[in-house]
Amino acid sequence: MRIRIVDAFTDRPFAGNPAGVLLLDTFPDDAWLQNVALEVNHAETAFARRLPEGGEADWALRWFTPATEVAMCGHATLATAHVLHTTGTHEGPVRFATLSGVLIATPHADGSITLDFPTAPLTPVEVPDGVAEALGTEPLTAFDTGPNLGDLVIEVADEKTVLGLAPDHKALARYSTRGIIATARAEDPSRGYDFVSRCFFPNVGIDEDPATGSAHTALAPYWSERLGRPGLTGLQASPRSGLVRTELRGDRTLLTGRAVTVIEGELLV
């Protein structure tokens with residue numbers, strides 16, 4: 001079977017967030033899927049299989065980190081839609097049946113793809129004791145993102161603080177199901193983005209995720225409320241970096257980005 005590595009939320013190779021993508025006739029057992037994801041050893045590997053025509057979705061889609069299956073993943077969904085579109089396997093919008101419901105990916109003529117995801121519910125919470133020490137800076141606010149994400153969104157002082165974070169990943173694992181999303185307003189919006197973020201997910205085996213679509217389902221409502229605009233652009237300021245355009249539509253968030261296939265090969269097991 002063919003296996004591909006796709007860099008998502010970027011228009012150039014070796015940036016954004018890499019994901020493995022396998023298109024299957026059927027899903028093998030979970031242990032095999034997990035072993036492949038561990039072998040690929042990227043933040044997520046996506047496994048998709050075609051569904052019968054006439055249903056509510058076109059493809060079933062599952063996502064595995066090297067350590068576990070996850071309920072939602074934006075960049076691996078973008079990567080899968082990119083593979084389906086660029087190989088001619090599926091034309092037009094594609095509906096994915098996932099653990100987070102039916103997610104739609106719509107390709108555009110310019111090569112970008114828009115994902116239609118559920119907006120994460122944000123609940124203000126007290127900053128847990130010890131988070132400041134683990135993160136390495138004093139949080140301004142903290143919000144729980146609900147069960148689909150399982151993160152804490154934490155706003156910090158400014159963009160420079162986000163860029164300079166060097167957290168204690170083991171310590172961060174105590175404070176949420178998946179991890180911590182650290183964010184701040186952009187210092188200079190003329191650079192092409194409105195807010196910055198970094199995502200630390202030690203509980204699913206990812207110390208820092210390079211470009212996280214799912215996190216932007218929480219960042220979009222957070223910053224749209226503060227900046228007074230439904231449409232924004234977020235820079236995930238990891239060493240690889242990635243740009244995500246967001247548009248808040250009530251209980252849905254649109255995430256738009258690009259992807260690049262960098263490796264294609266044959267899986268022999």
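**Reading a predicted fold**

Guide: The secondary structure of this protein chain comes to 6 helices and 18 strands. Keep in mind that the model is predicted.

Visitor: How compact is the protein chain for its length?

Guide: Compare the radius of gyration with the globule rule. Here the radius is 18 Å, close to the 18 Å that the rule gives for 269 residues, so the chain is as compact as a globular protein of that length. Its C-alpha atoms fill a box of roughly 50 × 35 × 30 Å along the principal axes.

Visitor: What share of the residues count as buried?

Guide: A residue is buried when its relative accessible area is under 20%. In this chain, 57% of the 269 residues pass that test. The accessible surface comes to about 11,500 Å², and 50% of it belongs to carbon and sulfur atoms.

Visitor: Which residues touch the most other members of the largest nonpolar core?

Guide: Look for Trp63, Phe96 and Leu115 among the 47 residues of that core. Helix H2, residues 74-86, gives the most to this core, with 6 residues. There is also a second, separate core of 21 residues, which includes Val162, Ala184, Ala186 and Tyr193.

Visitor: How do I read the contacts along the sequence?

Guide: Ask how far apart the partners sit in the sequence. Take contacts between residues at least 6 apart: 62% of them join residues at least 24 apart.

Visitor: Is helix H6 mostly covered or mostly open?

Guide: Start with the general idea. An α-helix has 3.6 residues a turn, so residues three or four places apart point the same way. Now the case here. H6 spans residues 216-227 and is mostly covered, with 9 of its 12 residues buried. Among them are His216, Pro221, Tyr222 and Trp223. Just after H6, Gly228 takes a positive phi of about 75°.

Visitor: Now one residue. Is Glu69 buried, partly exposed or exposed?

Guide: Use the cut-offs: under 20% is buried, over 50% is exposed. Glu69 has a relative accessible area of 26%, so it is partly exposed. Glu69 lies in strand S5, residues 69-70.

Visitor: Which residues is Glu69 in contact with, beyond its neighbours within four places in sequence?

Guide: Those partners are Gln34, Arg62, Trp63, Phe64 and Leu99. You have already met Trp63 in the largest nonpolar core.

How values were computed: Residues are numbered from 1 along each chain as its sequence is written. This is a predicted model: local features need pLDDT of at least 70, side-chain atom pairs count only at pLDDT 80 or more; totals for chains, interfaces and linings use all residues. Side-chain values use heavy atoms; hydrogens and water are left out. A nonpolar core is a set of buried Ala, Val, Leu, Ile, Met, Phe, Trp, Tyr and Cys residues joined through side-chain atoms within 4.5 Å. Buried means under 20% relative accessible area, exposed over 50%, partly exposed in between (1.4 Å probe, protein chains only). Helices (H or I, at least four residues) and strands (E, at least two) are DSSP runs, numbered from the N terminus. The radius of gyration is taken over C-alpha atoms; the globule rule is 2.2 Å times the number of residues to the power 0.38. Contact means heavy atoms within 4.5 Å. Accessible areas come from the Shrake-Rupley method with a 1.4 Å probe; for residues, only the protein chains shown count as cover.
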